[in-house]
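Please read the points below beside the sequence and the model, looking up each part as it is named.

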Amino acid sequence: KSNTTPFAVTANVTAEQFKDSIVKHLNATHGTDVNKASNRSWWNATASALNEYVYNGLSNTQRTYFENDTRAVHYFSLEFLMGRLTGNNLHNLGLFNVAKEALNDLGIDIETLVDEEEDMALGNGGLGRLAACFIDSLATMHLPAVGYGIHYEHGLFRQEFQQGRQIERPDSWREYGNPFEICRPESVQEIPLYGYVETKFDENGHIVKQWHPNRVIKGVPWDVPVVGYEGTNVNVLRLWESRASDFFNWDVFNAGGYHDSHRENVEAETISKVLYPNDETDAGKELRLIQQYFFSACSLKDIIRRYRRVHNDDWSKFSAQVAVQLNDTHPAVAIPELMRLLVDEYNIDWDTSWTICRETFSYTNHTLLPEALEKWSVRLFEKVLPRHLEIIYEINRRFLEEEVEAKWPGDDEIKAKLSIIEEGHERMVRMGNLSVIGSNKVNGVAEVHSALVKSDLFPEFDALWPEKLTNVTNGVTPRRWIKACNPKLSALIDETVGTEWPTNLELLRDLDKKADDAKFQKTFMDIKHENKVELTKVIKDLTDIDVDPSAIFDIQIKRLHEYKRQHLNLLHIMALYRRLLQNPDYDMHPRVFIFGAKAAPGYALAKDIIYAINKVADKVNNDERIKGKLKVVFLPNYRVSLAEKMIPAADVSEQISTAGKEASGTGNMKLAMNGAITIGTLDGANIEIAEEVGEDNVVIFGLTVDEVKAVKKAGYSPWDYYYGNQEIKAVLDWFETDYFTPGKPGELASIKHSLLDGGDPYLCLADFESYAKAQEQVDAKYKDSKGWARSAILNTAYMGKFNSDRSIQDYVDRIWKLKAYKAQ
Ligand code: 26V
């Protein structure tokens with residue numbers, strides 16, 4: 001029996017029709033035929049067949065928004081970690097099963113076909129993937145929204161291991177074209193850079209400033225359609241590519257400077273060439289500032305062009321129509337840029353312009369780590385954006401002299417703290433302060449994080465504007481992170497609670513009625529097992545390691561960072577290995593520890609941790625003495641599409657950051673939804689996950705935020721733990737031998753040093769014992785297979801809160817005040 005589609009926009013599309021469409025596109029769009037088509041051509045043709053429905057939704061949606069002159073949110077982000085689009089778009093249009101059957105008839109396996117697609121890896125980690133989940137939710141909820149970002153030619157680097165060490169290779173996601181993006185030359189923008197500012201007087205004797213830039217860069221927009229679930233609304237992700245301006249180039253070329261003009265092209269194209277691969281450390285590089293300005297300026301001009309098509313020179317409705325959300329401080333230069341456009345280009349007075357600005361922008365903070373808080377040197381700012389620096393000075397002067405002075409008269413200490421300019425050896429522009437001062441709301445990304453934003457990061461701002469700082473707890477889209485990546489679990493959920501859950505995840509709550517039902521438990525755990533079998537094949541394929549799917553699959557997937565403590569996980573693995581060597585009958589259920597993580601290319605210790613895990617893996621996996629009870633796997637090139645294969649197969653989710661350091665986490669949510677049990681600290685969204693799923697269904701360990709502060713205040717010494725716990729001592733000393741690196745003692749010593757001489761800044765040793773105990777609890781819990789199944793089911797059942805639709809509804813209610821418009 002032929003599959004039918006569940007949604008109105010694709011109702012009545014049969015597999016037969018879809019098949020004809022694929023074949024038609026194979027011939028007419030991609031110039032090949034069924035007899036000689038490569039997998040890539042089949043993929044392209046399938047994408048074209050699918051795009052017919054996407055484009056139909058796109059025009060309906062954009063027309064509906066235009067006709068209703070809707071207020072819209074503009075999500076400004078340097079990163080959108082989209083992953084693959086084929087499967088997602090098929091699912092969201094209700095065409096997945098139709099396409100599967102159509103391809104099957106053509107002799108093509110849909111899983112092989114979707115593996116043809118490169119990930120769109122235009123992001124580093126949490127912040128970028130959150131942006132991707134949010135635009136999925138916005139489209140699903142029929143909310144007028146545009147994502148704005150950069151059309152990087154190269155996304156996050158591809159990771160390979162050479163003798164266990166990370167090496168980085170360029171990512172060329174669109175080398176041979178990409179069927180999901182549309183170039184829009186009709187909406188090109190020109191962006192000025194560098195130069196100087198001239199002070200003049202107008203006919204009324206008023207001072208006017210004129211910026212004389214000495215470079216102009218062209219911004220070319222590429223639109224990626226964002227298909228909401230059920231396919232009705234299709235929003236746009238608009239990504240800017242940089243090119244040399246035709247105008248400038250032409251002059252240079254005519255003057256006989258072919259090589260100069262070529263160099264200008266190269267320099268201009270450099271801006272959108274590559275994504276910065278640093279997660280959480282700010283390097284202060286000129287090109288990065290230019291990237292930030294380039295895309296913010298292109299996006300604002302695009303918004304203003306669209307606004308003026310309807311409202312011309314009436315600026316009074318601007319902030320009623322336009323909300324801009326700044327994804328961290330990365331696009332904060334948009335604030336002085338909007339001021340510049342209003343004051344300098346449209347001749348609006350300062351006060352009116354500033355009111356518009358403050359009503360337009362809001363800012364999300366994603367990290368408290370001091371090294372991630374962006375600062376730009378005044379010298380660099382002045383060189384690249386001289387007019388913006390003047391505007392920032394003026395924003396700052398008015399803020400300090402009027403608002404701060406009114407609240408804290410004569411208090412220079414507070415003024416120094418709240419100033420956008422940090423004084424010192426090198427004067428710096430603080431992008432966080434600029435963002436708070438120029439925004440209407442500021443939010444953290446989980447309850448505990450938002451509380452810390454108020455109490456530790458911006459306490460004076462909170463005192464000044466008690467309504468400004470707020471919380472929106474993160475979420476993830478259940479369309480990608482359950483429905484598309486875990487089809488077997490999804491089918492079981494459909495049978496049990498109906499098919500509406502992808503847009504109303506609270507419906508999963510009904511699964512709790514089945515948590516103690518032996519038959520349901522078996523079905524649920526059988527699905528987990530089948531997913532584990534699938535992952536076993538991926539592991540074999542990528543690493544040649546054999547793992548047993550009946551072992552516990554214990555997964556830690558996230559960027560590699562000391563605060564996330566992959567090395568705490570490693571210390572515990574080594575402790576287990578040691579216990580097994582000392583006592584081959586040491587009682588534990590077999591476990592496979594699986595990692596996925598990229599390290600920033602310049603982060604030496606993070607790379608050493610990857611190397612150490614790989615070296616320990618080599619040894620442990622080949623040691624007959626431990627009878628396969630312990631395996632360690634580091635999967636290379638962790639990315640969205642690999643996450644989609646790992647998450648459905650996880651039994652245990654490692655969320656073990658030092659309390660107070662992980663703003664939220666979102667992998668924690670994806671894993672728990674798919675029935676993994678969290679072992680975690682009381683950090684970020686783990687706290688809220690524990691509240692939702694109940695304390696019997698998570699394993700919590702370690703110091704709390706307050707305890708971490710107290711320990712640090714009292715003067716933490718890792719040596720106390722080294723000498724006080726012989727297992728810790730033995731494991732740390734092991735790093736200095738050549739046990740894991742035969743013939744090369746000391747290759748792993750940097751980890752020991754960071755934890756002892758380095759002061760163990762993230763308190764691994766302080767939390768070790770508690771973590772090891774918690775792991776024993778996990779083991780005991782797994783041995784009670786009914787208890788485990790119950791907990792796994794309840795994790796899926798009680799994760800409804802962490803749907804990104806709920807996050808978006810919170811943004812709408814607390815910040816954006818948007819109305820939904822279903823496309824007609
Ligand atoms: C900083 C920098 C510094 C300059 C170079 C490029 C770059 C790129 C990203 C960042 C900051 C990344 C901050 C981030 O990803 N935070 C994560 O945000 C997630 C979504 O809110 C949250 O779940 C994670 O806990 C948080 O670490």
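Predicted model: local features only at pLDDT ≥ 70, side-chain atom pairs only at ≥ 80, totals over all residues.

1. Three bridges link β15 with strand β17 (residues 428-430), and the two run antiparallel; helices (H or I, at least four residues) and strands (E, at least two) are DSSP runs, numbered from the N terminus. Within this pair, W376 lies opposite V429 of β17.

2. Residues are numbered from 1 along each chain as its sequence is written.

3. A second open sheet has six strands, ordered β22-β21-β20-β23-β24-β25, and its pairing is parallel. The edges are formed by β22 (630-634) and β25 (699-700), each of which pairs on one side only. Inside this sheet, strand β20 (residues 552-557) is joined by six bridges to strand β21 (residues 591-596), the two running parallel, and F553 has V592 as its bridge partner in β21. Helix α23 (residues 604-621) packs on the sheet, touching β21 and β22, and its direction makes about 140 degrees with that of β22. Such angles run from 0 to 180 degrees between N-to-C directions, and axes are lines fitted to C-alpha atoms, for helices over the stretch in contact; two residues are in contact if their C-beta atoms, placed from the backbone, lie within 7 Å.

4. Helix α1 (residues 15-28) and helix α4 (residues 96-105) pack at an angle of about 65 degrees, and their axes are 8 Å apart. A15, F18, K19 and I22 of α1 meet V98, A99, E101, A102 and D105 of α4. Sorted by class, this contact has six nonpolar, no polar and three charged residues, where Ala, Val, Leu, Ile, Met, Phe, Trp, Tyr, Cys and Pro count as nonpolar, Asp, Glu, Lys and Arg as charged, and the others, Gly among them, as polar.

5. Another helix pair is α11 (residues 334-345) with α12 (residues 350-360), whose axes come within 9 Å and cross at roughly 145 degrees. On the α11 side the contact is made by I335, L338, M339, L342 and V343, and on the α12 side by W350, S353, W354, I356, C357 and T360. These residues divide into nine nonpolar, two polar and no charged.

6. How is the protein divided into domains? There is domain 1 (1-67 + 85-118), domain 2 (68-84 + 119-474 + 809-816) and domain 3 (515-709 + 767-800), with bounds that come from an automatic or database domain assignment. The centres of domain 1 and domain 2, taken over C-alpha atoms, are separated by 35 Å, and 26 residues of domain 1 are in contact with 21 residues of domain 2. On the side of domain 1 that touches domain 2, α2 (39-67) and α3 (86-92) each supply at least two residues, and α2 gives the most, with 12 residues. By class, that side has 10 nonpolar, 13 polar and three charged residues.

7. Around the ligand there are 23 residues, of which G126, L127, H366, A663 and S664 come nearest; a residue is near a molecule if its C-beta atom, placed from the backbone, lies within 6 Å of it. The shell divides into six nonpolar, 12 polar and five charged residues, and at least three residues are drawn from each of domain 2 and domain 3.

Notes:
Pairing = 2+ DSSP bridges.
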